[in-house]
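I opened the notebook to go through one model.

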Amino acid sequence: MIIQSTTGAASRRGFLARLGLGAAFFTTPGLLAEELSKSNGRIATPAMTEGPYYPDKLPLDTDNDLLIINDSITPAVGEISWVSGCVMDASGQPVGNATVEIWQCDSKSSYIHTQGRNKDGLDGNFQGYGRYQTGATGFYQFRTIKPVSYDLNGMFRAPHIHFAVSRNGRRIFTTQMMVKDHPDNAKDMILSDIEDAKARETILIDFVAVPGSPWGELSAKFDLILGRTVEETDDHKLHGGIGKTDRRKFGGPPGQGMVRPGGGAGGPPSPPPGGKRPDGPPPED
Ligand SMILES: [Fe+2]
């Protein structure tokens, strides 16, 4: 089930109303991006490792609702969370025509990656991965579960959601979102590798109760602020497609697939221009 298209103004109004955001968002161009970026003062989001669990086989459903796979009537187990924000460049300009991908483990601490399964098995109702195509405002949103900690293949991680941003067929940014004030954060080696305290704060996000939600829904706002300008293509045309994963072969030598966060913008090298995942372009809006 797709939560909304980029043209779904009505559903976005409903979504933002639940977050307590007013009608001014729909009457003042650019205000959405402006408001959403105030929370972190436009400090660049640190690039972080992709980790080893980017799906090795994509789910049949890749939309932005990770709670429901296709038309299933059984949702995933977990705390329902609306995760949204804006993709912006270094100057605060929204980044449109970008594909935002997320992936995370389920409530049993298992990824949909075949090597990322906990002994308790998989929640077969959790999509585990989703995509969203940004429009002119750079806005994205997902419905998913509040992330949980895991201990997989000898590595402990505090709760997090992986993010990747692609544009014109190239991966341009990879990072993770974590839960502010979660007690397990103190044990997370990936988080502690971000030395700049202000940069670290930008990925530590509050999950707050959606007012009046009968299902105890949460919302989390996470802006992806790229510490660089975003290049246009030579032909100045829009191209689709998702950039190649940063993932190295699972189980490789230390450092492969578990690259330490480099801080600042950039991260691992981008694939060559035009590089595309074999999975094809993201779905149309
Ligand atoms: Fe992870």
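Which residues touch the most other members of the largest nonpolar core? I looked at this in a predicted model. The core has 53 residues, and those touching the most other members are Val87, Val100, Phe163, Val165, Met177, Leu224 and Leu226. I then listed the elements that give two or more residues to this core: β1 (80-88), β2 (98-103), β3 (129-133), β4 (139-145), β5 (150-152), β7, β8 and β12 (224-225). For background, nonpolar side chains tend to be buried together in soluble globular proteins.

**Entry: the whole chain**

I counted elements next. The protein chain has four helices and 12 strands. Of its 285 residues, 42% count as buried. I also checked how far contacts reach along the sequence. Among contacts between residues at least 6 apart, 77% join residues at least 24 apart.

**Entry: Phe163**

I picked Phe163 from the core list. I left aside its neighbours within four places in sequence. Its contacts are then Val100, Ile102, Thr175, Gln176, Met177 and Leu224. Among these, Val100, Met177 and Leu224 are also on the list of residues that touch the most other core members. In the strand pairing, Phe163 stands opposite Thr175 in β8.

**Entry: the sheet**

In what order do the five strands of the open sheet run? I read the order as β3-β2-β7-β8-β9, with mixed pairing. The edge strands are β3 and β9, and each pairs on one side only. As a reminder, strands of a sheet pair through backbone hydrogen bonds, either parallel or antiparallel.

I took β8 as the next stop. On one side, β8 pairs with β7 (residues 160-167) in the antiparallel sense, over eight bridges. Arg167 stands opposite Arg170 in β8. The hairpin of β7 and β8 has two residues between the strands. There, Asn168 takes a positive phi near 50°.

I then turned to β9. Strand β9 spans residues 204-205 and pairs with β8 in the parallel sense, over two bridges. Val179 stands opposite Ile205 in β9.

**Entry: positive phi in loops**

Most residues other than glycine have a negative phi. I noted two exceptions in loops. Ser109 has a phi near 70°. It is found in the loop between β2 and β3. Asn153 has a phi near 50°. Its place is in the loop between β5 and β6 (155-157).

Is each of these two buried or partly exposed? I checked the neighbour counts. Ser109 is buried, because 21 other C-beta atoms lie within 10 Å. Asn153 has 13 other C-beta atoms within 10 Å, so it is partly exposed.

**Entry: Asp246**

Where is Asp246 found? I located Asp246 in the segment after β12. Asp246 counts as buried because it has 20 C-beta neighbours inside 10 Å. The cut-off for buried is 20 or more.

I looked at one partner across the chain. Asp246 and Thr174 are 72 residues apart in sequence. In space, the two are 8.4 Å apart, C-alpha to C-alpha.

Methods: Residues numbered from 1 in each chain as written. Predicted model: local features only at pLDDT ≥ 70, side-chain atom pairs only at ≥ 80, totals over all residues. Pairing = 2+ DSSP bridges. Core = buried A, V, L, I, M, F, W, Y, C linked by C-beta atoms within 7 Å. Buried ≥ 20, exposed ≤ 12 C-beta atoms within 10 Å, placed from the backbone. Contact = placed C-beta atoms within 7 Å.
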